[in-house]
Amino acid sequence: MTATSHRSPEPATQPGGKPGQDQPRRTQPRRPGPGLYPWVMAGSIAVAVLGAALSLNGVLRGWAWFMPLITTVVVVSLALAGLRALGARPILATLGSLASLTGVLSFIFCRQDSLAGFIPTPGTLTAVGRLIKRAGETVVSESAPVAPNAGIVFVMCACLGLLVILVDALAVPLAMPAASGIGLIAIMVVPATIKPQSVGMPGFLGAAVGYLLILGCSHWFAPDARFQTGTGRGSGQFRRSVVTGGLALALAMVVPLAIPGFETGTFPQGSRLSPWGTSNGLNPMITLGNSLRSPIGSGRITYATSSGSALYLRSVTIDHFDGETWAPDDRAAQRRTGADRIETGYSVQGDVVNAVTSVNAGLFTSPYLPVPFAPASVNGLNGNWTWDPQTLSIMSSETTTRAQRYVVFSAAPKVTAKALAQAAPTPKGISDDFLRIPNGLPEIVRQTADAVTRPAANNYAKALAIQKYLRSGEFTYSLQAPVQNGYDGNGLSVLADFLAVKSGYCVHFASAMAVMARAEGIPSRIAVGYAPGRLTGESVALVGQGSFPEYEVDARDAHAWPELYFEGLGWVPFEPTPSRGVVPEYASESSTAGNLSTNADEKDVPTTQAPPATAPVPLPGVDTPATTTASVNPYPAMIAIAAGVLLLIGFLCSPRLSRSMLRRRRLNRKPPGDSHDGPPGSADAAPQLAWDELQDLATDYGVESTPSETPRHFSAKLRSSPALGEVGGMDDAAHAAVASLTSDFERQRYGRPAETAPAAATRIAVVRESLRNNATWLVRFRADWLPPSMMRRWVHALGAPFRAVGALGKWLGWKVARVWRALRGLLPERR
Amino acid sequence: MESKRQVTVEPSPLHDQAYSERPHDGAALNGHKPQVMDADRFHDASERILASIGQVIDGKADAAKLALTVLLAQGHLLLEDVPGVGKTLLAKTLARTVDCTVSRIQFTPDLLPSDVTGVSIYNQSSRQFEFRPGAVFANIVIGDEINRASAKTQSALLECMEEHQVTVDGRSYQLGLPFMVVATQNPIEMEGTYPLPEAQRDRFMARISMGYPDKDAEIEMLETHQASSPLVNVTPVVTANDVAAMIAAVQQVYVSTAIKEYTVAIGRATRDSARLRLGASPRSLLQLLRAAKATAALDGRDFVLPDDVVDVAESVLAHRIILDRKATSSGDTPQSIIRGILASLPVAQETPGQGRRDRHTA
């Protein structure tokens, strides 16, 4: 075409250089001062990580955890930047930042155990072990948002500090800034899976802005011009990047608003990151909520009793209240073996109601034996079971309840309102443990207790007042509210939240009543077990007692209730949870019983739905068919679908988009040109870019180029291939275009310097048109949507980490060999 | 030039300028700077030469072109093949196409070095020793069956081939321009041959195996060569000065850094190859590049492309490398190994993704 008519007198200093090999040599002398780059880069990484960490608000309660985090991230970033600025080798920079992370963590969390405040000692290690254990307990036991205790904050700071190092390693020495997004996503995965409101706007914005900063920095400031594109540094490109980035961010903000279901989390609410959801032997207070929320009733227990009235099965007693978590105190030292004769550790006056209960534990698996209160003897048990005279909880450390069938003889004191009212105000013969209030009792608890019990005269009245208060219309039963408001779990802080929000389930009601009772001087504890179950319609014959109707309970009947100690009567159960269980006669004072209902079992259990098909004839009022409550939250599915569709669209479009962007970048550039591939200072890299484009185009349409191929050979191959059509026909123009592009490229690359080729865009377009017309629709489709040239690049990029590891291994091997040789040289020579 | 020492040799067909005593000067061969031929005339001249050779040798255009390339690149040509495929014919035709002096040496076991270079004899009348130039004093020297001569005689050619001069009795005589040795040899496995030593082989720019002509060419050959020798019809189409100007034009061909790198990469690859006992020497790379320049010029270009290097690489390198015993026994030939190296070596162009990787590892 017009290859020679457009020559310009512009001289080029170094024509036809081979960038692939020249580059390292050329960049060597440019190395002396990295300048601003390390600082800006470290700053961007810190911004990105801290921004992404914003999304952790809600996983951890409050903002108290953010200060230590900022300290950690900033110190690590500064260490990285400083080492880079001093010109340390990449591996040294990474190691140094690790050391700085260790130091800052020691300083923040284990200052006393560390040398000079920040140098770790063996003592630090044990402290760290403690912190990690605590974090583990927190993760297992509490659901988001958790209180930011030292353990969890330590783990978070350590993880994010490591992430800073990882992101930095990806972005700077490995030169894969785009891949550093993985680190940021890793941060946001946690809130996305745990928090009901997912990542949230600030976290997303922060992470996105930081990520863009990282990309921008590696583009603009890269010291060895690795990604630099010469004049591309001008304001035009900056403006374009800002506009593009801003638009993408805005879209990401707006689209979720338009599509429903985006504002909630992805996973069923209230789930913890604990793989053992309903584990056994764990704190029953914690697993209870999960049992209640479980959609299927697992662990079915059937029992038949002679007691004639609703029966609570009681398996554990929670009496050990400390501030963080409440747990059963097993009192291993005081336990006694042999469950066939059980004695209460306190004296009971008055009548006793005896009952015989036959229990079939079925598949229910627990170290604690569910028995009616108060067991006098248990027969028919397999294995070795022990019991605690203080709490009467029966447990085994060797075996479980699974497949146990046993008969319990129970003797509950006959409790009447009158007896209760006459009970001595100061209980005797009871351990102080049951009166101990942990330190840091929230003020609201004591205030509420005082306010509620002010008119009450005696302990019984106080207990009734508390129960009445909790069962009043102010409180609602909800399995979800604690999760959504972030006070699911047990502990004093949870209690405060519960009393403020006034919504929760049995754990909250029971613990509130227990703690308020203690605050008023009444010994209390929490019993965990099962609320009265449903009739199965069958009857079971009990030896010597006749035949009795059979009841069943399962995980959804799991319940907790407070027991208060009254002198002379022992432990007396109360029922503060509205709409659950049965309020005992003595506890339902005629004046207060008006609004109590005993038949509203499970009225408000949103996520639990009894499988109606297999449900037996229900007791009156039990389990009104859960029509008002949708079974499973529909949002996760919708989110998943919407996100999947979006992802899919993005995924499908991305090769085409990036391919056409690459094409535009190569062809629509201004004459002075950036030095994309050519050596810096060369007048014109356009033919090179056009040639790259031609090669990629040919690759897309099935004509591959190989590295050992000369341009002329490739050109001939392309022209003789059926992809371009035959010479002399309508594809003549394309043939001419290929030939002239080839000669332009050859001239630019191998010819004398100072030659400027004409713009290639039109010729490329001609070639493309011709290729398209000659291709089958399948090839056309592939070239459009899955351009092989692009795919190859990506596959290549994906392999980069592996190659890096390989190169590192090679390098290490080489070093080791050298050291070995050097060492051998030191050895005395053998004569 | 005025001090040029004239040597009169009665029976010699040599021109006065065919040799001189003046030491060799790289920039100004033969004592004066030849003119540079411009592109159009270069093209015409080369076309004429090739057409003329084509008249005689049927179906061997490649060999003819390579022979011309070697001539223009100031190299020497080794024609190796079984007897009777036209080695000598090609050499003679090339020589006759150019209007220049030609001498022919039939190498035999009893040929002496002085037969090649020349000898000083005592002139009774002038009472002086007089230099009688040998056969090598010509523009084109045809050395027939060079491997039949003893090693001593073979090496007599060494000096003149490399340095374009002859030293006899401590006196150096400059050879003319163009100067080209076209040697033919039978494959070394044949009886009564002394294989050329490596040092001598390295001095030949290229080796061509003529190979048998294809069927049609052979039939035509039988027809046309029946009556008379085809050489009769060959007339010179260019003068020696024209050839010198063409050589000067070839020297002006531009070689980019990328091409130099590619050439060096080829050389290094032969040295690193596990299947070669001896790789390409630096001199061979120099000659490779010169041959590539001539190829580029013949193609009408003023710069070298990788294709030019690839085109001549096999002919230029194959006779210099020595195969490992293992490679020989596995059926490899030098040609196949050079081809393999060329096929695996990235040309001096950046392939997608590769450049970045290079920079990563750097």
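Predicted model: local features only at pLDDT ≥ 70, side-chain atom pairs only at ≥ 80, totals over all residues.
## Chain A at a glance

Let's begin with the overall picture. Chain A contains 24 helices and 17 strands. Of its 831 residues, 43% are buried. If you look at contacts in chain A between residues at least 6 apart in sequence, 74% of them join residues at least 24 apart.

## A five-stranded sheet in chain B

Now find the open sheet of five strands in chain B, where the order is S4-S7-S10-S2-S11 and the pairing is parallel. Strands S4 (102-106) and S11 (206-208) of chain B stand at the edges with a single partner strand each, so one side of each has no neighbour in the sheet. From one strand to the next, the twist averages 20°.

Within this sheet, S7 (residues 140-144) and S10 (residues 180-185) of chain B run parallel and are joined by four bridges. One pair to look for is B:Val141 with its bridge partner in S10(B), B:Val181.

Helix H1 (residues 39-56) and helix H2 (residues 61-72) of chain B pack with their axes 10 Å apart, at an angle of about 135°. That angle makes H1(B) oblique to H2(B). The crossing of H1(B) past H2(B) is right-handed.

On the H1(B) side, B:Ser46, B:Ile49, B:Leu50, B:Ile53 and B:Gly54 meet B:Ala61, B:Ala64, B:Lys65 and B:Leu68 of H2(B). Six of these contact residues are nonpolar, two are polar and one is charged.

## Where helix and sheet meet

Key:
Residues numbered from 1 in each chain as written. Chains lettered and ligands numbered in written order. Axes fitted to C-alpha atoms, helices over the stretch in contact; angles between N-to-C directions. Helix = DSSP H or I, 4+ residues; strand = E, 2+ residues; numbered from the N terminus. Parallel < 35°, antiparallel > 145°, perpendicular 65-115°, else oblique. Left-handed = near helix turned anticlockwise from the far one by under 90°. Contact = placed C-beta atoms within 7 Å. Nonpolar A, V, L, I, M, F, W, Y, C, P; charged D, E, K, R; others polar. Buried ≥ 20, exposed ≤ 12 C-beta atoms within 10 Å, placed from the backbone. Pairing = 2+ DSSP bridges.
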